[in-house]
Amino acid sequence: MAIYIDHVSRTFGEYLFIPGLTTKQCTPLNVSLKTPLVKYKSAGKRSDLELNIPFVSAIMQSVSGPELAIELARNGGLSFIFASQAIDAQAEMVRKVKKFKAGFVVSDSNLKPDSTLKDVLDLVNITGHSTIGVTHDGTPNGRLLGLITDRDFRTDRDDPKKKVEEFMTPFKSLITGNLGITLTDANQIIWDNKLNTLPIIDSDNNLVYFVFRKDYDSHRENPNELSGKDKTLLVGAGINTRDYRERIPALVDAGVDVLCIDSSDGYSEWQKETLLWVKKNYANLPVGAGNIVDKEGFDFLADAGADFIKIGIGGGSICITREQKGIGRGQATSLIDVAKARNEYLEKTGYYIPICSDGGLVHDYHMVLALAMGADFLMMGRYFARFDESPTKKLRIGNNYVKEYWGEGSNRAQNWQRYDSGGAETLKFEEGVDSYVPYAGKLKDNLDITLSKIKSTMCSCGAVTIDELQRNAKITLVSSTSIVEGGAHDVILKEQG
């Protein structure tokens with residue numbers, strides 16, 4: 001006879017908060033959303049990696065490309081670049097994020113002095129960067145001979161065959177910084193000399209880095225920016241349990257900061273083998289695992305060495321695993337159960353393993369419920385798929401703009417590795433759908449609104465940190481009738497025009 005769990009499987013929509021005491025300290029300006037990303041020894045220590053906001057983007061083709069990874073990191077969260085692509089393509093996406101904002105940036109736009117204006121235009125079209133270093137051999141670290149910006153040529157007047165050395169700003173006219181200079185001093189030179197770009201050179205005049213004025217301005221506009229000690233943006237990447245031995249070295253070479261095993265079912269020996277291999281070969285590289293929905297799954301992955309554990313099966317808006325296989329559990333119940341297991345593991349071992357709630361979020365207040373129920377951070381797909389920065393097309397259907405959004409278990413994604421049961425390399429049936437989501441505009445504009453709602457809800461619960469929220473929040477089950485009562489009712493709404 002099967003084991004029967006005599007508890008109702010519940011979703012976030014079945015709960016509401018009861019207000020706590022809102023003290024004078026409970027204002028949105030005082031709320032901190034910092035949260036641990038990876039495992040740490042709890043006694044007086046902090047996680048080596050922390051998020052400034054509790055959001056990560058889903059490991060999906062239609063969500064986590066380099067553009068979204070850059071913008072999310074600039075606003076305090078982290079993306080996991082999708083794994084269902086060629087290894088070199090995924091590594092290049094990671095590399096693009098790491099190069100975007102480093103304070104000291106290795107140039108990826110370089111030419112030789114005998115290159116032509118056509119070469120300049122082609123390079124700008126490929127990279128999107130308008131500052132080009134001219135080195136003796138055209139490499140990022142060759143001897144610096146000059147600099148080209150879009151102010152150095154006129155496409156309507158100059159001959160495309162014109163040599164770079166004829167219109168570049170030559171080395172003797174450049175203001176440069178010497179290798180070893182601090183970022184603060186480099187920015188001061190930029191401001192004092194009204195520069196947009198400061199080349200950093202070594203003792204042999206070889207180009208080493210660029211420092212850009214716009215990066216300083218960007219940092220001031222994004223105080224929550226998630227970056228490492230070297231000032232590069234943090235970025236994660238998904239891996240699978242098939243080709244990880246080849247994929248991980250390429251991702252490490254590209255500069256990846258954290259990995260996550262991408263699977264619909266994390267309670268498996270394949271995940272254990274993958275975790276053990278990573279810990280043996282890359283001891284300092286954090287890797288998350290999942291997905292699971294109960295204590296047994298959590299304990300299994302925790303003992304195998306997972307640095308964070310992802311919760312949720314079948315709750316995503318494009319996921320049909322529950323329909324197809326009858327596998328899953330209500331997201332709220334899963335989270336409550338696993339959070340309890342996480343706390344027991346902490347008491348037993350002294351290690352705190354962050355948990356990530358993945359799926360089941362319909363409204364913004366559900367995010368706060370997930371955090372209050374024990375999640376350290378949230379993984380979201382549909383939420384981020386709506387924005388300009390996601391990799392998908394913006395389309396007009398009728399009078400509405402939408403963006404494409406498909407699941408990794410759909411025929412379109414063909415990500416059989418995520419649903420791997422150890423058999424042949426093929427997707428036997430779909431566990432995800434191909435769909436659209438309403439287009440919402442820029443990530444930052446929408447994220448600011450969401451974060452404002454989260455902070456306001458936390459203040460009403462009497463909490464200014466996620467830890468306080470988890471200790472003090474009061475949550476109540478609601479009836480179907482009270483859910484109706486919670487929305488606009490018994491009125492005639494004016495048309496939104």
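1. A residue is called buried here under 20% relative accessible area, exposed over 50%, and partly exposed in between (1.4 Å probe, protein chains only). By that cut-off Cys26, at 8% relative accessibility, counts as buried, and so does Cys356, at 0%.

2. This is a predicted model, in which local features need pLDDT of at least 70, side-chain atom pairs count only at pLDDT 80 or more, and totals for chains, interfaces and linings use all residues. Residues are numbered from 1 along each chain as its sequence is written, and side-chain values use heavy atoms, with hydrogens and water left out.

3. With a disulfide taken as a pair of cysteine sulfur atoms within 2.5 Å, the count is 0. For Cys26 the nearest cysteine sulfur belongs to Cys459, 5.5 Å away. For Cys356 the nearest is that of Cys260, at 7.2 Å.

4. Helices (H or I, at least four residues) and strands (E, at least two) are DSSP runs, numbered from the N terminus. The chain has 16 helices and 24 strands. Of its 497 residues, 50% count as buried.

5. Helix H7 covers residues 244-254, and its buried residues are Tyr244, Arg247, Ile248, Leu251 and Ala254. Seen down the axis of H7, they fall within an arc of 120° (directions from the helix axis to the C-beta atoms), so they line one face of the helix. These residues pack against helix H2 (87-100), strand S14 (236-239), strand S15 (258-261) and helix H8 (269-281), where contact means heavy atoms within 4.5 Å. After H7 comes Gly255, with a positive phi near 105°.
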